Amino acid sequence: WLSLGPESEIAFTDFEFKEKNSRTISYDLKKGQLAANIRQKIKEGGVSFRTRFTSMGIRGTKILMNYREFKGSGISEYAVMEGEAEVTSSKGEALKLTSGERIVLIENEKTKEELVERLKLTAEDLENFSSPEAEEDKGIKPLMPYYEPKALSVTSTDIAGEKVERK
């Protein structure tokens, strides 16, 4: 399954289906929030999720993903709920993620500076994002809250029509 948050935009940039375990699909998250559970094992590189600056390759993995632009920077967030994944930064660095890990990549388009922050999902995060109710109804799945961009020295701003304030 794949679930998008409010006002999210996604594009399918590549799709080829030969058989159940042999397919290629790429999703570009233009903005917003995404939750996905790719259950079938697929050949390496068969399913990828991208933002403007980064990409994540997965195989039989449950992920959460956010992307937004903020003060001239792109903020890409990935979390692995189950399984493993590999995120590739805009500089080509491969970053492995396993269950319970979250990574935030902030790239300034003008300076090409990149900040990478690794985080652990809390037990509460894992419980909330893996709730049995979300699986049963096959409706809207829980999404990951946006990362607060402390590194950008912001007190408050308007991000995609949403007021964000540091605490």
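Trainee: Which residue in β9 does Glu86 stand opposite?
Mentor: Glu86 faces Lys96 there. Keep in mind that this is a predicted model.

Trainee: What makes β8 and β9 a pair?
Mentor: Strand β8 covers residues 84–88, and five bridges link β8 to β9 in the antiparallel sense. Pairing takes at least two bridges, so five will do. The two strands also form a hairpin, with five residues between them. Gly92 sits in that turn and has a positive phi of about 85 degrees.

Trainee: Which residues of β9 lie on the covered face, and which on the uncovered one?
Mentor: Leu95 and Leu97 are on the covered face of β9. Ala94, Lys96 and Thr98 make up the uncovered face.

Trainee: Why is Thr54 called buried?
Mentor: Its relative accessibility is 5%. Buried means under 20%, so Thr54 qualifies. Thr54 belongs to the loop between β4 (47–50) and β5 (55–58). Leaving aside neighbours within four places in sequence, Thr54 is in contact with Phe49, Ser76, Tyr78, Thr88, Ser89, Ser90 and Leu105.

Trainee: How do you know that the side chains of Thr54 and Ser76 make a polar contact?
Mentor: Their distance is 3.2 Å.

Trainee: Why is Glu82 called partly exposed?
Mentor: Glu82 has a relative accessible area of 42%. Buried is under 20% and exposed is over 50%, so 42% falls in between. You'll find Glu82 in strand β7, residues 73–82. Not counting residues up to four places away in sequence, Glu82 touches Thr61, Lys62 and Ser99. As for Ile63, 19 residues apart from Glu82 along the chain, the two C-alpha atoms are separated by 7.3 Å.

Trainee: And what makes Leu2 partly exposed?
Mentor: Leu2 comes in at 34% relative accessibility. Again that lies between 20% and 50%, so the label is partly exposed. Leu2 is in strand β1, residues 2–4.

Trainee: Which residues make the nonpolar surface patch?
Mentor: Leu2, Leu4 and Phe12 make the patch, about 260 Å² of it. Patch residues need over 30% relative accessible area, so Leu2 passes that cut-off at 34%.

Technical notes. Residues are numbered from 1 along each chain as its sequence is written. This is a predicted model: local features need pLDDT of at least 70, side-chain atom pairs count only at pLDDT 80 or more; totals for chains, interfaces and linings use all residues. Side-chain values use heavy atoms; hydrogens and water are left out. Helices (H or I, at least four residues) and strands (E, at least two) are DSSP runs, numbered from the N terminus. Buried means under 20% relative accessible area, exposed over 50%, partly exposed in between (1.4 Å probe, protein chains only). Contact means heavy atoms within 4.5 Å. A polar contact is a pair of N or O atoms within 3.5 Å; within protein, one must be able to donate a hydrogen and the other to accept it, and residues adjacent in sequence count only if both atoms are side-chain atoms. Patches are made of residues with over 30% relative accessible area and no salt bridge: like charges are joined within 9 Å, nonpolar side chains (Val, Leu, Ile, Met, Phe, Trp, Tyr) within 5 Å. Accessible areas come from the Shrake-Rupley method with a 1.4 Å probe; for residues, only the protein chains shown count as cover. A salt bridge is a side-chain nitrogen of Lys or Arg within 4 Å of a carboxyl oxygen of Asp or Glu.
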